[in-house]
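Good morning, everyone, and thank you for making the time. Please have the sequence and the picture open while I talk, so that we can go through them together.

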Amino acid sequence: MERNAHEEQVDAVVVGAGIAGLYAIHRLRRDGLTVRGIEAGSGVGGTWYFNRYPGARCDVESVDYSYSFSEELQQDWDWSEKYATQPEILRYIEHVAERFDLAREYLFDTRVVSADFDAGTDTWTVRTDRGDVVRARFCVFATGSLSAANTPDIAGRDEFAGETFHTAHWPHEGVDFTGKRVGVIGTGSSGIQSIPLIAQQAEQLYVFQRTANYSVPAGNQPLDEQTRRQQKANYAERRRLSRLSGGGSPFSPRPVGALEVSEEERRAAYEERWRLGGVLFAKTFPDQTSDLAANETARQFAEEKIRELVDDPEVAELLIPKDHPIGTKRIVTDSDYFQTYNRDNVTLVDLRSTPIERIDPTGIATSARHYDLDAIVFATGFDALTGSLDRIDIRGRDGRLLRESWSAGPRTYLGLGVDGFPNLFLVTGAGSPSVLANMILGAEQHVDWIADCIRHLDEHGYATIEPTVEAVEDWLAECAERASKTLFPTANSWYMGANIPGKPRVFMLYLGGFGNYGRICTDVAEAGYKGFTLTAR
Ligand code: NAP
């Protein structure tokens, strides 16, 4: 849509109209700040705006994956399923934007290209691809952890004459694969969720798998009125437990290690979590992702399940992950994924034994044969946590570029601030629990902390806040030490930056748990923003 370029001055710029950005607009505006939101998409929703592939569904229960800041909102909204689909989550976010009148603060279809800090005036200048210039005291980057899509540079990629899609940029009108020969590259969450539905439509589906992933059935079900009533009556307690928990939902691991219980008890526990569905399986026992022997018990259980679900033992063998301990990459939450390989029209192509050599106008050639295709779906993931920020020229003190400051891995204090970048805040990014916890509660916790911080600055006559180099170094060391005590660094995961060629290999998240992390942030604020330098106006 044509529009004139904006030139304006506000208190805070918020980049992104996903779950985090919308709440930032709401909270900062409520605190009396003038705000400007900027969003690349044509509407609100962030992740849930862009990822419209068939089968897209959240892997956290709907009742937990929803805003907690408004009691009326959480009592009014009715989720129809245990795990909501993308269209329902997008409807919910649109409802929130309308209910709190948030969209009017945004420039949509607008991408931020640069943000420059001027130390003379303590002001950020944000420029967009539409020629807008917005000056602000504070910049809040709510750009998402998984928003910079990754399309691998496979030889001949752009020569394919059929249709190509990326799961993270799915056409809004949907895609009809009826009668088509389709190739899906990638078997992470996006691939595993979309494959069963594409298989139902396509004449022939080829799944190009480089690395098998662990996946647990969602155990999804419609929510009836009685369940909803019970959940809503108990919401306060549910939220309290979530905020204390490791992962931001009201479920905790058993209090004992996997090897401290009998074989019978262990199996029963895994069976119960398997039935409960989804990622919670990774947290059946507290030592599952820190002790290889404990992990092995969970891994064996998952392996048996895969063998039960897949008819052809050779295909089952290929679908059993062998390169990483279970839970060290995000466990996928699926609906009939493994059973899909029992269909006559689905073929699993093992790229470990027969790698892709090139894409050509008619399909994909592996070292073994050529696959004739009408469509290729890239379910190839994201340049996670840093990718969306790397694509913007963010310059802090002395013109220092953020992506250069982060060339050896993201440097943050608490995942909230960056040394050398005053008055810049990140939401649910690197250095925080981020994707390891419920992203909505995580976003609320960060935004509330940021808004309280800005209020503190204003009330005490401060112009800027910025973490010290020491605080950043200490926090990086803390994150690295926590990671080193677990099995996470042993996996080639996107948590480690391992999915993007040339990206530094560091574990980018805080593994100490959502509850602990929240307490640390509160303590830092209560100690007068310990670890930050505050400068007077
Ligand atoms: P992903 O987990 O990074 O998976 C990408 C897939 O593409 C992997 O199987 C990868 O194989 C493959 N791939 C990448 N480059 C390739 C190449 N050159 N040749 C062949 N295969 C290639 O990405 P994702 O599935 O989009 O999921 C990312 C994250 O988003 C998830 O872990 C989850 O946190 C989130 N997500 C959540 C949901 C949900 O909650 N419902 C749904 C979707 C996504 P390799 O492993 O061998 O690199």
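This is a predicted model: local features need pLDDT of at least 70, side-chain atom pairs count only at pLDDT 80 or more; totals for chains, interfaces and linings use all residues.

Let me begin with the ligand, which is surrounded by 24 residues, the closest being Arg-57, Ser-190, Gln-193, Arg-210 and Thr-211. If we sort that shell by class, we find 9 nonpolar, 9 polar and 6 charged residues. Which helix gives the largest share of the shell? That is helix α5, covering residues 189-201, which contributes 3 residues.

A polar backbone atom of Arg-57 is 2.2 Å from a nitrogen atom of the ligand, while Asp-59 brings a polar side-chain atom to 3.1 Å from a ligand oxygen atom. At Ala-379 the polar atom belongs to the backbone, and it lies 3.3 Å from an oxygen atom of the ligand. As for how much of the ligand is covered, it would expose 910 Å² if taken alone, and the protein buries 86% of that area.

Now let us turn to helix α16, residues 514-526, whose axis comes within 5 Å of the axis of helix α7, residues 235-244, with a crossing angle of roughly 80°. Because of that angle, α7 is roughly perpendicular to α16. The residues that meet are Ser-242, Arg-243 and Leu-244 on the α7 side, and Phe-514, Gly-515 and Arg-519 on the α16 side. By class, this contact holds 2 nonpolar, 2 polar and 2 charged residues.

Helix α16 also packs with helix α14, residues 439-459, and here the axes are 11 Å apart, at an angle of about 5°. These two helices are therefore roughly parallel to each other. From α14, the residues in this contact include Leu-441, His-446 and Trp-449, and they meet a group in α16 that includes Phe-514, Tyr-517 and Cys-521. Which classes of residue make up this contact? There are 7 nonpolar and 4 polar residues, and no charged ones.

Finally, I would like you to find Ser-405, which sits in helix α13, residues 402-405. Between Ser-405 and Gly-420 there are 8.8 Å in space, C-alpha to C-alpha, although they are 15 residues apart in sequence. If we set aside the neighbours within four places in sequence, Ser-405 is in contact with Arg-400, Arg-411 and Phe-421.

How values were computed: Residues are numbered from 1 along each chain as its sequence is written. Side-chain values use heavy atoms; hydrogens and water are left out. Axes are lines fitted to C-alpha atoms, for helices over the stretch in contact, and angles run from 0 to 180 degrees between N-to-C directions. Helices (H or I, at least four residues) and strands (E, at least two) are DSSP runs, numbered from the N terminus. Angles under 35 degrees count as roughly parallel, over 145 as roughly antiparallel, 65 to 115 as roughly perpendicular and the rest as oblique. Contact means heavy atoms within 4.5 Å. Ala, Val, Leu, Ile, Met, Phe, Trp, Tyr, Cys and Pro count as nonpolar, Asp, Glu, Lys and Arg as charged, and the others, Gly among them, as polar. A residue is near a molecule or strand if one of its heavy atoms lies within 4 Å of it. A polar contact is a pair of N or O atoms within 3.5 Å; within protein, one must be able to donate a hydrogen and the other to accept it, and residues adjacent in sequence count only if both atoms are side-chain atoms. Accessible areas come from the Shrake-Rupley method with a 1.4 Å probe; for residues, only the protein chains shown count as cover.
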